[in-house]
Amino acid sequence: MTPYAQLSKQDLQKLYDNCKEKYNRYKAQGLKLDMSRGKPGADQLDLSMGLLCALNPEDYLSEDGTDCRNYGGVDGIIEMKKMFADLLDVRTDEVFVGGNASLSLMYESVIAFCLTDFMTAGEKSKRKFLCPAPGYDRHFSISEHLEIEMIPIPMTPQGPDMAEIKKHITDPAVAGIWCVPVFSNPQGVVYSDEVIKEMAALKPVAADFRILWDNAYVIHSFEGEPPQTANILRECEKQGAYDMPLVFTSFSKISFPGAGVSAMAASPANLAKMRAHMIVQTIGPDKINQLRHVRFFKDLEGIRSHMKKHGSILRRKFNVVLDALTTELEGKEIGSWISPKGGYFVSFDAMPGCAKRTVALCAEAGLIMTTAGATYPYGNDPDDSNIRIAPSFPDVGQLEQAMELFCVAVELAALEKILEH
Ligand code: PLP
């Protein structure tokens, strides 16, 4: 395949005409396809239906005798803490169990750890967060909503660019960093142990600086075993910075998004602060759901074997996406992509200046993609290049159709740009 940059104007015009005709044929079909959000497919949700009958009417006591039907236990029941401790490889007294959404725990943590004391001290200036990008749009939404200024940090194949991070943490207004260390959203990058250790050794000027370590995809590999990465909590403890990391995860993509269980792992001092913060807004989380999860999954081995089933469903769908990209686009040099080994996304980089147009062309023909730019703070992708592909929700047939259309849109947008149409 000859790169498009090496083709004559005449050849490019021919390609453009073909591509436009193909695109119009898709447009005429009135398709309704969606590859915008990382939602599990119905076949994945089916895997957890046993949860709904995991408890019988006599089964409502936790192992320490807590009646799970009643108020209380703001940080969760003991067996759920143990399960999360195993999942995150931390101690049980380092776990706070939350409601269904880890995002809520992150939101509350930013308020509790990075804003409350700062505001009480009468500080008027804005706080800032470092945002490795491309990254997770909802992290950026939390920052924006709480009026925290966002500083984009470039990503490398090993994790965020540590030299850039070190430049910024000399500013006392810089209060934290968002990290997705395993199968990052959207690139599927797994942080290297070197990056994790360097992160733990950071010496930020802001004494209350926190690393928000969103380990949403800790066990979500669809090729091989889940990655064994260095443990941020232990590494920070070794560095005398035990209070710096706040680790998050949830069962959203293990059982049911919306009816799973979330958790935060951190130093006991941080957990005490979190308990004091959370008790004001809730007398306790849904302990029945926690008990149900413990009964259904039993232990880490139970979660592992369940995740293998998710993995084989997802592997098939990711292969559809990656095969389409290879067949339709490889060698043309109008886009590049990363093949992940887990997580929920494929990160695609269109030719600079083409992401918004590609996503608009998809939308016009009935395919909804994540908004171009959403993977950057303030929705501002400086190259207008990154597009997040979420293969999990459509079925394989829809996915094949969606990817054919996506590749035509990528090509059409690139040819328009090259030919200055
Ligand atoms: N963190 C990351 C990196 C995600 O990609 C997602 C969902 O896509 C979430 C968190 C959401 O987690 P939860 O459902 O626990 O709020």
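This report describes a sheet, a helix packed on it, and the aromatic contacts of a predicted model.

The model contains an open sheet of 8 strands with mixed pairing, in the order 2-9-8-7-6-3-4-5. Its edge strands, strand 2 (95-97) and strand 5 (159-160), each pair on one side only.

Within this sheet, strand 3 (residues 128-133) and strand 6 (residues 174-179) run parallel and are joined by 3 bridges. K128 has V174 as its bridge partner in strand 6.

## Helix 3 on the sheet

Helix 3 (residues 78-88) packs on the sheet, where it touches strand 2, strand 8 (245-250) and strand 9 (262-265). The direction of helix 3 makes about 125° with that of strand 2. After the helix comes D89, with a positive phi near 55°.

## Aromatic pairs

The count of aromatic pairs comes to 9. Y217 and Y344 form a stacked pair, at 5.8 Å centre to centre and with 25° between the planes. Y217 lies in the loop between strand 7 (210-214) and helix 8 (232-238), and Y344 in the loop between strand 10 (335-337) and strand 11 (346-350), so the pair ties together parts that are 127 residues apart in sequence. Both tyrosines are buried: the relative accessible area is 5% for Y217 and 2% for Y344.

The pair of F348 and F406 is edge-to-face, because the ring planes stand at 80°, with the centres 5.3 Å apart. This pair also links distant parts of the chain: F348 is in strand 11 and F406 in helix 13 (residues 396-419), 58 residues apart. F348 and F406 are both buried.

## Charges over rings

K39 lies over the face of F393, at 4.6 Å from the ring centre. R69 lies over the face of Y60, at 3.6 Å from the ring centre.

Notes:
Residues are numbered from 1 along each chain as its sequence is written. This is a predicted model: local features need pLDDT of at least 70, side-chain atom pairs count only at pLDDT 80 or more; totals for chains, interfaces and linings use all residues. Side-chain values use heavy atoms; hydrogens and water are left out. Two strands pair if DSSP finds at least two bridges between them. Helices (H or I, at least four residues) and strands (E, at least two) are DSSP runs, numbered from the N terminus. Contact means heavy atoms within 4.5 Å. Axes are lines fitted to C-alpha atoms, for helices over the stretch in contact, and angles run from 0 to 180 degrees between N-to-C directions. Rings of Phe, Tyr and Trp (its six-membered ring) pair if their centres lie within 6.5 Å; planes under 30 degrees apart count as stacked, over 60 as edge-to-face and the rest as tilted. Buried means under 20% relative accessible area, exposed over 50%, partly exposed in between (1.4 Å probe, protein chains only). A charge sits over a ring if NZ of Lys or CZ of Arg is within 6 Å of the ring centre and within 35 degrees of the ring normal.
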